[in-house]
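Thanks for coming, everyone. I have one structure to show today. Please look at the screen.

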Amino acid sequence: MSDITVRALHLDDRAQWDALYQGYATFYNVTQTAQMRDTVWSWLHDANADPRGLVAARADGTLIGLAHFRPFPRPLSATTGCFLDDLFVSPDARGTGAADALIENVRSIAAGEGWSVVRWITAENNYRGRGVYDRVASKTAWVTYDIKI
């Protein structure tokens, strides 16, 4: 893991970020267009928007992972939490510690912001990812529901 660096997303990361984010969409069988990626990219670089982005890079500058996260209000506890929306490591870099490094960087940012929790969801069948998550976080008893609009 020593050759992996986690840093904020830069404007000149666009092409590599595009490939990673498309890989993330493919992993979850989500149809994603270039226009959709344009929208997310614009959010990540808009000082007035909530999502933030981190990337994991090899020593040669090749991006191998990404994380998108944002604050969210937690009215019951009167705190702000951090929601980790997207976490993806390219298949050829899995097992390198990139996911751990991305999660730890999000955790560190959340702690620095005074946020009370880092929370995320994953697919039930994301067994490899869940192996990491079970090691670095506590699985909750909450069940997620969606209403499609």
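Start with the outward side of helix α1. The face turned away from the buried side carries A15 and A19, both exposed. Keep in mind that this is a predicted model.

Now turn the helix over. Which residues of α1 are buried? They are W17, L20, Y21, Y24 and A25. Looking down the axis of α1, these buried residues fall within an arc of 140°, so they line one face of the helix. An α-helix has 3.6 residues a turn, so residues three or four places apart point the same way.

What covers that buried side? The cover includes α2, residues 34-44, along with β3 at 63-74 and β4 at 79-89.

A quick check on length. Helix α1 runs over residues 14-27, which is 14 residues. At 1.5 Å a residue it should span 20 Å, and its end C-alpha atoms are 20 Å apart, so the two agree. Just after α1 comes N29, with a positive phi of about 55°.

Next, α3, residues 98-113. Same check. Its 16 residues should span 22 Å at 1.5 Å each; the end C-alpha atoms of α3 are 23 Å apart, which agrees. Buried in α3 are A98, A99, A101, L102, I103, V106 and A110. Their cover includes the strands β1, β2, β3, β4 and β5, and also helix α4. Just after α3, G114 takes a positive phi of about 80°.

By class, the lining of the largest pocket holds 12 nonpolar, 4 polar and 9 charged residues.

The second largest pocket holds about 730 Å³ of space. Of its 26 lining residues, Y21, Y24, H68, D85 and D86 are the closest to the centre. Which element gives the most to the lining of the second largest pocket? That is α2, with 6 residues. By class, the second largest pocket is lined by 17 nonpolar, 5 polar and 4 charged residues.

That's my tour. Over to you.

Note on methods. Residues are numbered from 1 along each chain as its sequence is written. This is a predicted model: local features need pLDDT of at least 70, side-chain atom pairs count only at pLDDT 80 or more; totals for chains, interfaces and linings use all residues. Side-chain values use heavy atoms; hydrogens and water are left out. Helices (H or I, at least four residues) and strands (E, at least two) are DSSP runs, numbered from the N terminus. The expected span of a helix is 1.5 Å times one less than its number of residues. Buried means under 20% relative accessible area, exposed over 50%, partly exposed in between (1.4 Å probe, protein chains only). The arc is that of the directions from the helix axis to the C-beta atoms. Contact means heavy atoms within 4.5 Å. Ala, Val, Leu, Ile, Met, Phe, Trp, Tyr, Cys and Pro count as nonpolar, Asp, Glu, Lys and Arg as charged, and the others, Gly among them, as polar. On a 1 Å grid over the protein atoms alone, a cavity is a set of points where a 1.4 Å probe fits but cannot get out, and a pocket is an open set with protein on both sides within 12 Å along at least five of seven lines; lining residues have an atom within 4 Å of a point. Grid points are joined across faces, edges and corners, and a volume is the space filled by probe spheres set on the points.
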